[in-house]
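Try each task yourself before you read the solution.

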Amino acid sequence: MRNFNVNPYFRSSVGFDNFLNSALNSQKSSSLPYNIVKKSDDDYSISLALAGWNESDLTITKDKNTLTVSGKSSKEQKETNYMHRGISERDFSLDFSLADYVNVISADMKDGLLNIELHRELPETEKPMQISINNQALDSK
């Protein structure tokens, strides 16, 4: 897999350092399989495969522009002689960087999938607006 180098963009941008840093950090891999789906220009969903996890073991937190999904196993750790162990029961924490004005609408767990629905709602002051051009004759003195 190729790595994308964002370092040249640091030299020619102002105020985008958080975005560029998140691009650098997004190259880290996660052991949890997940999907991110863009449903429309303003609607997204994140689905995480969490086989064996209970809703009570999961925490979803939104702090500014970071969505964190974490799990802390409440199961007793007993000595088991696995011949193959493919289902992880380790505690985890997974961060997603959210754009401005993206909010969590809902979260539900069904058939081992945690589904999180997101929606971006721009305030009226941030929406594009058309500017009229005033064509007034200058008063001659």
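**Exercise 1.** In this predicted model, find out how close Asp 91 and Lys 72 come, and where each one sits.

*Solution.* Start with the cut-off: a side-chain nitrogen of Lys or Arg has to lie within 4 Å of a carboxyl oxygen of Asp or Glu. The closest N and O atoms of Asp 91 and Lys 72 are 3.5 Å apart, so the two form a salt bridge. Next, look at the location: Asp 91 and Lys 72 both lie in the loop between S4 and S5, 19 residues apart.

**Exercise 2.** Are Asp 91 and Lys 72 buried, partly exposed or exposed?

*Solution.* Exposed means over 50% relative accessible area, and buried means under 20%. Lys 72 has 59%, so Lys 72 is exposed. Asp 91 has 43%, so Asp 91 falls in between and is partly exposed.

**Exercise 3.** Which parts of the chain does the salt bridge of Lys 39 and Glu 117 tie together?

*Solution.* First the distance: 2.8 Å from N to O. Lys 39 is in the loop between strands S1 and S2, while Glu 117 is in strand S7, so the pair ties together parts 78 residues apart in sequence.

**Exercise 4.** How do strands S4 and S5 pair?

*Solution.* They run antiparallel and share six bridges. One of the bridge partners is Phe 92 in S5, which goes with Gly 71.

Conventions
Residues are numbered from 1 along each chain as its sequence is written. This is a predicted model: local features need pLDDT of at least 70, side-chain atom pairs count only at pLDDT 80 or more; totals for chains, interfaces and linings use all residues. Side-chain values use heavy atoms; hydrogens and water are left out. Two strands pair if DSSP finds at least two bridges between them. Helices (H or I, at least four residues) and strands (E, at least two) are DSSP runs, numbered from the N terminus. Buried means under 20% relative accessible area, exposed over 50%, partly exposed in between (1.4 Å probe, protein chains only).
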